[in-house]
Amino acid sequence: MAMSTDLEQAFNDQITLEFASEYVYLQMAAYFEANDLPGFAQWMRLQADEERTHALKFFDFVLERGNTVELGEIPAPPTEFASPLEVFEASLAHEQKVTAAIHDLYRMCSEAGEYHALPLLHWFIDEQVEEEASVSQIVEQIRMAGDNGAAMLFLDRELGARSPGSGE
Ligand SMILES: [Fe+2]
Ligand SMILES: [Fe+2]
């Protein structure tokens, strides 16, 4: 039996939110490219790729359950940032919003007896803990670097070394 229309809508909203995350991070990648921080840009590109895989996990789940996928509108992401710190603070706030949305989905599915969804949502709950931790760490490292250009260049190298799927 397929999921209720309420749950179907909630999962479709989550698919759209994950694609919106891809969009947000691609815009941030463009900011870093334009500001001569290619390592930060690379990190954001990989982050965007990861968000697309998240969207597709939910997409496949909705189809497997015999429900309908309807992609929603993606709002234009913010384009103006005052500093790399502001970008990563915005990224952290975005991830916190996604975490809250996934917790809501988990609660809705538990209450509705939609137990099939729980392993998938557990995976996402763990993933969000990792994402918030890695973004928070980068926020702190940018704060530590402050006005020190050499420290920022070092951090740029570090972030540029992220490999696909490492989540760091
Ligand atoms: Fe995600
Ligand atoms: Fe994310």
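Reply: We begin with the term helix: a helix here is a DSSP run of H or I with at least four residues, and helices are numbered from the N terminus. On that basis, Asp36 is placed in the loop between H1 and H2. Please keep in mind throughout that this is a predicted model.

Me: What is the phi of Asp36?

Reply: The general idea is that most residues other than glycine have a negative phi. Asp36 is not a glycine, yet has a positive phi of about 60 degrees.

Me: How do H1 and H3 pack?

Reply: Helix H1 covers residues 5-34, and the angle at which H1 and H3 pack is about 170 degrees, with the axes 11 Å apart. These two helices are therefore also roughly antiparallel to each other.

Me: Which residues of H1 meet H3?

Reply: From H1 come Leu7, Ala10, Gln14, Leu17, Ser21, Val24, Met28 and Tyr31. On the H3 side, the residues they meet include Val87, Ser91, His94 and Val98. Sorted by class, this contact of H1 with H3 has twelve nonpolar, four polar and no charged residues.

Me: How do H3 and H4 cross?

Reply: H3 spans residues 84-111 and H4 spans residues 118-145; their axes come within 9 Å and cross at roughly 160 degrees. H3 and H4 are therefore roughly antiparallel to each other, and their crossing is left-handed. The contact of H3 with H4 has 17 nonpolar, six polar and five charged residues.

Me: Let us turn to single residues. Is Val87 buried or exposed?

Reply: A residue is buried if 20 or more other C-beta atoms lie within 10 Å of its own. Val87, found in helix H3, counts as buried because it has 25 C-beta neighbours inside 10 Å. Not counting residues up to four places away in sequence, Val87 touches Met28, Tyr31 and Phe81. Val87 and Met144 are 57 residues apart in sequence, and their C-alpha atoms are 16 Å apart in space.

Me: How should I read Phe19 and Leu56 together?

Reply: One asks where each residue lies and how it is surrounded, then how far apart the two are. Phe19 is found in helix H1 and counts as buried, with 20 C-beta neighbours inside 10 Å. Leu56 lies in helix H2 and is partly exposed, with 13 other C-beta atoms within 10 Å. Their C-alpha atoms are separated by 8.9 Å, although the residues are 37 apart along the chain. Leaving out residues up to four places away in sequence, Phe19 touches Ala55 and Ile74. The C-alpha atoms of Phe19 and Glu64, 45 residues apart along the chain, are separated by 19 Å.

Me: Which residues touch the most other members of the largest nonpolar core?

Reply: That core has 34 residues, and those touching the most other members are Met28, Ala29, Phe32, Phe40, Ala41, Met44 and Leu121. The elements giving two or more residues to this core are H1, H2, H3, H4 and H5. H1 gives the most, with eleven residues. Beyond its neighbours within four places in sequence, Leu121 is in contact with Ile102, Leu105, Tyr106 and Cys109.

Me: Where does Ala151 lie?

Reply: Ala151 lies in helix H5, which covers residues 149-160. With 14 other C-beta atoms within 10 Å, Ala151 is partly exposed. Ala151 and Gln141 are ten residues apart along the chain, and their C-alpha atoms are separated by 9.1 Å.

How values were computed:
Residues numbered from 1 in each chain as written. Chains lettered and ligands numbered in written order. Predicted model: local features only at pLDDT ≥ 70, side-chain atom pairs only at ≥ 80, totals over all residues. Buried ≥ 20, exposed ≤ 12 C-beta atoms within 10 Å, placed from the backbone. Axes fitted to C-alpha atoms, helices over the stretch in contact; angles between N-to-C directions. Parallel < 35°, antiparallel > 145°, perpendicular 65-115°, else oblique. Left-handed = near helix turned anticlockwise from the far one by under 90°. Nonpolar A, V, L, I, M, F, W, Y, C, P; charged D, E, K, R; others polar. Contact = placed C-beta atoms within 7 Å. Core = buried A, V, L, I, M, F, W, Y, C linked by C-beta atoms within 7 Å.
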